[in-house]
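Let's take a friendly walk through this protein together. Have a look at the sequence and the model before reading on.

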Amino acid sequence: MTKTFKTLDDFLGTHFIYTYDNGWEYEWYAKNDHTVDYRIHGGMVAGRWVTDQEAHIAMLTEGIYKVAWTEPTGTDVALDFVPNELKLNGTIFFPKWVQDHPEITVTYQNEHIDLMEESREKYETYPKLVVPEFAHITYMGNAGQNNEDVISEAPYDGIVDDIREGRYFDADYKRINK
Ligand SMILES: C=Cc1ccc(O)cc1
């Protein structure tokens, strides 16, 4: 995808894959102006995926976007995208319990909200694990807003290569082989 990001609308509906400098690989979709979906392919909670997470999304200045949200696990996230330079800076604030029991969060969270809320009460919150990292964007796709095909299944080995190499979405950004 070759596109210059200028407006908030240029950002909304974009699908990204990126790798943080610590090696963690994430896939993230700006579903609309208040909703994000994502899948985690590498790192402490690889295998986790989430749809319809409410988030705050703002354009700070032309082509630079800030996204922030708090999750049912108690994890907080702040992302600053500079897509024209294929980079972003992300900070993840993990409660202690996610660091101690990451496996509880490695699932399709939407089907286990009660477990996330029980776990955040049952286990410890502090000290939080703060992970501030730059990331390099390895893929961008124009999925359009509210496209339910973008993040619609659990991550599997090779999925990011399928996406990057054009084997996953058709010309209308619908999933092939559904
Ligand atoms: C914890 C979720 C999360 C999603 C995307 C990202 O880049 C960092 C964290």
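Which residues surround the ligand?

## The ligand site

This is a predicted model. In it, the ligand is surrounded by Tyr18, Tyr20, Tyr26, Tyr38, Trp69, Glu71, Val77, Leu79 and Ile92. In the side chain of Tyr18, an N or O atom lies 2.6 Å from an oxygen atom of the ligand, and for the side chain of Tyr20 the corresponding distance to a ligand oxygen is 2.5 Å.

How much of the ligand's accessible area does the protein cover? On its own the ligand has 270 Å² of accessible area, and the protein covers 99% of that.

Strand β5 (residues 56-61) pairs with β6 in the antiparallel sense over 5 bridges, and Ile57 stands opposite Val67 in β6. The two strands form a hairpin with 2 residues between them, where Gly63 in the turn has a positive phi of about 80°.

In a regular strand, side chains alternate between the two faces of the sheet. On β6, the covered face holds Tyr65, Val67 and Trp69, while Ile64, Lys66, Ala68 and Thr70 make up the uncovered one. Next comes β7, joined to β6 by 6 antiparallel bridges. Here Trp69, one of the residues around the ligand, stands opposite Val77, which also belongs to the ligand's surroundings. This hairpin has 5 residues between its strands, and Gly74 in the turn has a positive phi of about 95°.

The antiparallel pairing continues from β7 (residues 76-82) to β8 (residues 87-94), with 7 bridges. Ala78 has Thr91 as its bridge partner in β8. Between these strands lie the 4 residues of another hairpin, and Leu86 in its turn has a positive phi of about 55°.

Then 8 bridges connect β8 to the antiparallel strand β9 (residues 129-142). Thr91 turns up again here, with Pro132 as its bridge partner in β9.

## Nonpolar cores

The largest nonpolar core has 34 residues, and Phe11, Tyr18, Trp28, Val67, Leu79 and Phe81 have the most contacts inside it. Elements that give two or more residues to this core include β1 (14-20), β2 (25-32), β6 (64-70) and α2 (96-100). The largest share, 4 residues, comes from β9.

What does Trp28 touch, leaving aside its neighbours within four places in sequence? Its contacts include Phe11, Tyr18, Tyr38, Val67, Trp69, Leu79 and Phe81.

Terms used. Residues numbered from 1 in each chain as written. Predicted model: local features only at pLDDT ≥ 70, side-chain atom pairs only at ≥ 80, totals over all residues. Heavy atoms only, no water. Pairing = 2+ DSSP bridges. Core = buried A, V, L, I, M, F, W, Y, C linked by side-chain atoms within 4.5 Å. Buried < 20%, exposed > 50% of the residue type's maximum accessible area, 1.4 Å probe, protein only. Contact = heavy atoms within 4.5 Å. Near = heavy atom within 4 Å. Polar contact = N/O pair within 3.5 Å; in protein donor to acceptor, adjacent residues only side chain to side chain. Areas by Shrake-Rupley, 256 points an atom, 1.4 Å probe, with all protein chains shown as cover.
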